Amino acid sequence: MTFRFDNSWARTLPGSFLALQPDVPAAPRLVALNTVLAAELGLDPAVLEAEAAAWFSGAELPAGAESIALAYAGHQFGGFSPVLGDGRAHLLGEFLDAGGRRWDLQLKGSGRTPFSRGGDGKAVLGPMLREYLVSEAMAALGLATTRALAVTATGETVLRDGRRQPGAVLARVAASHIRVGSFQFHAARGEQDRVRALADYAMARHDPALAAGDYLGFFDAVIGRQARLIAQWMGVGFIHGVMNTDNMAISGETIDYGPCAFMEGYAPGTVFSSIDHQGRYAYANQPLILAWNLARLAEALLPLFAAEEAAAVAAANLRLAGIAGIYRAEWLAVMRRKLGLSGEEDGDGALADDLLAAMAGADWTLTFHRLSEASSGDLSRLQPLFADFTAMAAWLPRWRARGPDPVAMRRENPAVIPRNHRVEAALEAANSGDMAPFEALLAAVRAPFVAAPDFMLPAPTGFGRYVTYCGT
Ligand code: AMP
Ligand code: MG
């Protein structure tokens, strides 16, 4: 027995899911197995190798799995949908790892459910390998994230973006799949008892130290986790692309990798998603959307905050007003680490802000990576990243005067991120059956602080403006 299942969601939260089986694929084949993650979870690699194609494609479920599709609602690009839910995913259950920690095991791309609306319930190989690759990069960079355990091909072809593509299923491991939208689902239906039951459940899983019924403490904990996560996204230049409330996890993990990508040249308005016409989820808007989404969570939790509505609103507003400051402190902590600064000084915020103002257009990742060399005065590799170095030349002495530690900086600022052109090339090769470029890129992003010249350069100008699609 490889998975020690204990399916608390199915047992505890009636009315929040449907019991359904994944589709049985035509000809399942294992494409990628995350043996690194399997080892971390204490899963038996030999058993996984043997069973992966069946278990992680939906062909045959591991003993103890109880497949369910979760209900949730969500604000998508600001508009509320009262019923979304797992339209192409099945939660197989929760398993306990070797250390006793609880993890969701979910299949994505595993077929239609009553939540599918117009969708086909399927996923295709490129986007599932993309989620695998980017989430491994995020984990290696030290960010909280769901992880991919395997990608299998179903043997079918699926029409996506006008092309027939190989069908695929992603097996995903998460601390949980409780989303802001999970609470909104019950709140919108006036199911206050179920909002409470879900909050109790979420607290037991993620905040066991809180006293029973301390829902304001729970809200504070979620604010803290999500603020820290978004600050870290900003630090590595990650743009999620679809920060809808159904894609924001209570656990504080990055979840639902769709049209996400890493920014190359620093530009606050950077958007990659083809459907984000207004730039709602642009790089620099992410902290604002963090607060907006948390306000939606507060609305859903409101009746739990206090018996009297006025008192509940006051408690919620107090916390919502604090989010900007909490986020700023998290961001400043990230920036201090990136800049090699120890301790806290009053001028640090202005120092960080002024660096951004001086960085316009310069490659985000390489600027920080090469900044450590500039602490001792070597500008030979930093300067070529800038079209105009005037503002940086004025900023550098201020930073040096603060005494940065170049060794600490090298542990903090990655050399390797999943560069968009490398990701696209790897996925294209994978689509035609060649996994070698994917494996090479995966190995590089798993060791992001080790210089790997092949994977460090920005996209050549011929690559053009990068656009990602939601038809994932
Ligand atoms: P996402 O944009 O991936 O976060 O998904 C938003 C909603 O659309 C969720 O309820 C998904 O389950 C659903 N969905 C996305 N793609 C599909 C698909 N191909 N078939 C059915 N439902 C889908
Ligand atoms: Mg989603």
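## Basis

The model is predicted: local features need pLDDT of at least 70, side-chain atom pairs count only at pLDDT 80 or more, and totals for chains, interfaces and linings use all residues. Residues are numbered from 1 along each chain as its sequence is written, ligands are numbered from 1 in the order written, and side-chain values use heavy atoms, without hydrogens or water.

## Residue V169

V169 sits in strand β10, residues 163-174. A strand here is a DSSP run (E, at least two residues), numbered from the N terminus. V169 is buried, at 1% relative accessibility. Buried means under 20% relative accessible area (1.4 Å probe, protein chains only).

Beyond residues up to four places away in sequence, V169 touches several others, including F56, L107, A150 and V151. Contact means heavy atoms within 4.5 Å. The C-alpha atom of V169 is 7.9 Å from that of K122, 47 residues apart along the chain.

## The magnesium ion

Ligand 2 is a magnesium ion. Its protein donors are N247 (OD1) and D256 (OD), at 2.0 to 2.2 Å. Donors are N, O and S atoms within 2.8 Å of the metal (3.2 Å for Na, K and Ca); water is not among the atoms, so sites may look incomplete. N247 is buried at 9%. D256 is buried at 12%.

## Around ligand 1

The side chain of D120 places an N or O atom 3.0 Å from a ligand nitrogen. For R88, a polar side-chain atom is 3.3 Å from a nitrogen of ligand 1.

Notes: Helix = DSSP H or I, 4+ residues; strand = E, 2+ residues; numbered from the N terminus. Buried < 20%, exposed > 50% of the residue type's maximum accessible area, 1.4 Å probe, protein only. Polar contact = N/O pair within 3.5 Å; in protein donor to acceptor, adjacent residues only side chain to side chain.
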